[in-house]
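Take a walk through this model, one side chain at a time. Keep the viewer open as you read.

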Amino acid sequence: MRQTSEHFKQNVTSALQQPNLRVALDRTTSLLQQRRRDMLASFPEYERVREVAAQIKDHTLAHLDHYLEEFEHNAIRSGAKVYWASTPKEATDIIVGICKAKEARSVTRVKSMLGEEIGIGEALAAAGIERVETDLAEHIIQLAGDPPSHIVMPAMHKTHEEVAELFRRKHSSPTESDDVGDLVESARRELRPKYMDADIGISGANFIVAETGSVVTVTNEGNAELTTTPPKVHIVNVGIEKLVPTMEHLTVFVRILARAALGMEITQYTTFHNGPKRTGDRDGPEEMHIVLVDNRRTEMFDSFLRPMLRCIRCGACMNHCPVYGAVGGHAYGFVYPGPMGSVLTPAMTSLKQAGDLPNACTLNGRCQEVCPVNIPLPDLMRKLREQQWREGLTPSTFRHGLGLWAFVAKRPWLYRLGSRISVGMMRWLAGKRGRLSVLPGAGGWTKYRDLSAPQRGGTFMDQYRRSKRR
Ligand code: SF4
């Protein structure tokens, strides 16, 4: 599978041929969907909270410059150093620069999609610095050499049987058991000493709070605390859209994030990092560095894509997307898969490179329905398709096909005639079987499955007219 969105179609073909992938995806997405349904049953105010969350995000985005300056001021006041990075390269240069200045040999890292987005793993490797992923799922994919396939569950593409086999090959004292509890123990044995030996801990942030300068991490495994507390230096990389104005606003998002992501009321750990340790503190880092990353977010802010900046990276849209559920995350060829990735990837790379993604959508609307900040994902994908058309990026066969269809559709007599002829032809070709294995112009469909011939009784318009006469 090629890790670039340009090869989406080939990636899809390859993903559909992996039976284990289907098993892994089915198991996890069905579980997450069920948990979300259970959560909604016990959280009747969800719709109201969701509305408020979207309003807070829109307000913050409308005053982003003001709140970012407030955050910077308060973070510096609490003893942190704040950096601004426009591009992934600027961000990784700052982070690697800090690591080199501290002569760091080993860093521990808490999973953050922003870190994946800027390519922090590759930048550290190029600088010869060992990177230890501490999130269980990130530990799995680091051992496997895979990129993440989901933004909350990066190892979603692996069955636990595959993980057991991987740990047996890679861990220093592996378990022979396939039991999930034993596998977690094995990972714990492997990772514990590395927390203590690390020179620097790198984390992302689920939120940053303007009024206090706080960095907030929301986790279930406790690895964020173990990554950011023992080393002398804590580096945070965070996108500028993760901002909320006040602690009171933050509580709204803490209430919906775990519910939307995992169907849980709250995660095990919600940690507030406020600068380095102070005199009298028993532990904590001696230095805290916060790198605020733009990476085309301000361009999105100025465009029709602004609502996408509400995203709190919960993953609910992908858990409910039939396309993601069939092909998994790697097929999308970038760090952000599923519906949110189909909008973010063209925005962060280019529509030319990632043009297949907004088209890989049935527009069924499920993603928007489950999104806790009500992002109009189908509408954004539709607008990206329009932009593609305007910029001449749509394939010429599609443009000509659509042009022909528009010509016919504007002439009802021709449309009726064309429908009758094509329906008659399809029935004739399908014969007694009533199914077509080959159909000129629809090879993409018939290559993988038969197409049912149209039923008798006339076209939809014929039936509609008859129903009106009744
Ligand atoms: S788009 Fe909505 S549902 Fe998808 S990850 Fe972002 S916040 Fe969650």
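Glutamine 268 is exposed, with a relative accessible area of 57%. The cut-offs for that word are these: buried is under 20% relative accessible area, exposed is over 50%, and partly exposed lies in between, with a 1.4 Å probe and protein chains only. This is a predicted model, where local features need pLDDT of at least 70, side-chain atom pairs count only at pLDDT 80 or more, and totals for chains, interfaces and linings use all residues. Residues are numbered from 1 along each chain as its sequence is written, and side-chain values use heavy atoms, with hydrogens and water left out.

Stay with glutamine 268. The residue sits in the loop between helix H12 (247–262) and strand E9 (269–273). Helices (H or I, at least four residues) and strands (E, at least two) are DSSP runs, numbered from the N terminus. Which residues does glutamine 268 touch, not counting residues up to four places away in sequence? They are Thr219 and Asn220. Contact here means heavy atoms within 4.5 Å. Alanine 258 is 10 residues apart from glutamine 268 along the chain, and their C-alpha atoms are separated by 9.8 Å.

Now move to glutamate 72. Its place is helix H4 (residues 64–77). At a relative accessible area of 21%, glutamate 72 is partly exposed. Leaving out residues up to four places away in sequence, glutamate 72 touches Val82 and Trp84. Aspartate 178 is 106 residues apart from glutamate 72 along the chain, with 47 Å between the two C-alpha atoms.

Next come the charged pairs. Side chains of opposite charge can pair when their charged atoms come close. How many salt bridges does a search of the whole structure find? The search finds 27. The criterion is a side-chain nitrogen of Lys or Arg within 4 Å of a carboxyl oxygen of Asp or Glu.

Aspartate 356 and lysine 9 form one of these, at 3.8 Å from N to O. This pair links distant parts of the chain. Aspartate 356 is in helix H17 (residues 356–359), lysine 9 is in helix H1 (residues 8–16), and they are 347 residues apart. Aspartate 356 is partly exposed at 25% relative accessible area, while lysine 9 is exposed at 54%.

Glutamate 51 is partly exposed, with a relative accessible area of 45%. Arginine 48 is partly exposed too, with 48%.

Aspartate 58 bridges to arginine 310, with the closest N and O atoms 2.8 Å apart. Aspartate 58 lies in helix H3 and arginine 310 in the loop between helix H13 (297–301) and helix H14 (316–319), so the pair ties together parts that are 252 residues apart in sequence. Arginine 310 counts as buried at 11%. Elsewhere, salt bridges with shared partners join Arg109, Glu116, Arg131 and Glu133 into one network.

Turn to the rings. A pair of aromatic rings is described by the distance of the centres and the angle of the planes. The structure holds 6 aromatic pairs. Rings of Phe, Tyr and Trp (its six-membered ring) pair if their centres lie within 6.5 Å; planes under 30 degrees apart count as stacked, over 60 as edge-to-face and the rest as tilted. Phenylalanine 8 and tyrosine 332 have ring centres 5.4 Å apart and planes at 55 degrees, so the pair is tilted. Phenylalanine 8 is in helix H1, and tyrosine 332 is in the loop between helix H15 (322–327) and helix H16 (338–348), so the pair ties together parts 324 residues apart in sequence. Phenylalanine 8 is buried at 6% relative accessibility, and tyrosine 332 is buried at 1%. Ring pairs link Phe8, Tyr324 and Tyr332 into a cluster.

Charges also meet rings. Arginine 259 lies over the face of phenylalanine 43, at 3.8 Å from the ring centre. Arginine 411 lies over the face of phenylalanine 407, also at 3.8 Å from the ring centre. The test asks for NZ of Lys or CZ of Arg within 6 Å of the ring centre and within 35 degrees of the ring normal.
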